[in-house]
Amino acid sequence: SEDGAVWLAPSRLSPYKFYQYLVQSTDADVIRFMKMLTFMPLEEIKEMESLMSQNDYVPNTAQKKLAEEVTRFVHGAEGLRKALKATEGLRPGADTVLDAETLEALAEVIPTSELKLDEVLGQPVVDVMALAGLQKSKGEAKRLVKGGGARLNNVKVESEDAVVGEADVIEGRVMMLAAGKKNKMLIKIV
């Protein structure tokens with residue numbers, strides 16, 4: 001998007017950002033957007049509107065349906081798949097197995113640090129966290145690991161002595177570190 005506008009051209013906005021824009025629609029707008037932007041039968045849209053007013057309605061169900069329908073139309077089934085995988089991978093506390101394509105697509109959404117392979121491979125995770133700037137110091141990174149808040153590619157770092165292995169650098173080019181549930185950083189190998 002540019003200045004709050006959303007682009008319907010796949011080349012102007014990534015599937016992830018497009019999906020996120022739609023999934024964040026307000027309850028007041030979602031039904032109107034469904035009518036304007038999807039090919040859903042009006043009967044199905046009316047049913048969704050009715051469900052939204054019931055006590056057992058799961059929040060954001062309508063928004064997810066809207067985002068899926070329009071993202072599929074604009075970006076295709078593959079674009080929707082990428083958006084859903086990226087959304088799941090960034091969900092706080094997610095256990096999603098990540099691939100290089102998904103992580104590289106997130107580079108425009110989460111902070112990114114570029115490091116050389118020898119600065120990462122075989123190095124303690126706490127050192128890499130500090131070097132990348134995710135933590136201010138190695139000591140801070142060690143405290144995070146002790147407290148259970150450090151993750152490497154969505155897998156909890158169990159020991160402050162843990163080192164980055166070859167399997168952690170996905171396809172030899174990217175990995176994701178997390179400090180807590182929401183503070184994530186992409187590491188690109190240059």
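Buried means under 20% relative accessible area, exposed over 50%, and partly exposed in between (1.4 Å probe, protein chains only). This is a predicted model, where local features need pLDDT of at least 70, side-chain atom pairs count only at pLDDT 80 or more, and totals for chains, interfaces and linings use all residues. Residues are numbered from 1 along each chain as its sequence is written, and side-chain values use heavy atoms, with hydrogens and water left out.

**View 1. Buried residues of helix 1 (residues 15–23).** Helices (H or I, at least four residues) and strands (E, at least two) are DSSP runs, numbered from the N terminus. Tyr 16, Phe 18, Tyr 19, Gln 20, Leu 22 and Val 23 are buried here. Their cover includes helix 2 (27–37) and helix 4 (61–90).

**View 2. Helix 2 against helix 4.** The two axes (lines fitted to C-alpha atoms over the stretch in contact; angles run from 0 to 180 degrees between N-to-C directions) come within 10 Å and cross at roughly 30 degrees. The helices are therefore roughly parallel to each other (angles under 35 degrees). Contact (heavy atoms within 4.5 Å) is made by Asp 27, Val 30, Phe 33, Met 34 and Leu 37 of helix 2 and Ala 62, Gln 63, Lys 65, Leu 66 and Val 70 of helix 4.

**View 3. The largest nonpolar core.** A nonpolar core is a set of buried Ala, Val, Leu, Ile, Met, Phe, Trp, Tyr and Cys residues joined through side-chain atoms within 4.5 Å. Of its 22 residues, Val 120, Met 129, Val 164, Met 175, Leu 177 and Ile 187 touch the most other members. Helix 7 (125–132), helix 8 (138–146), strand 2 (150–152), strand 4 (174–179) and strand 5 (183–189) each supply at least two residues. Helix 7 gives the largest share, five residues.

Terms used. Angles under 35 degrees count as roughly parallel, over 145 as roughly antiparallel, 65 to 115 as roughly perpendicular and the rest as oblique.
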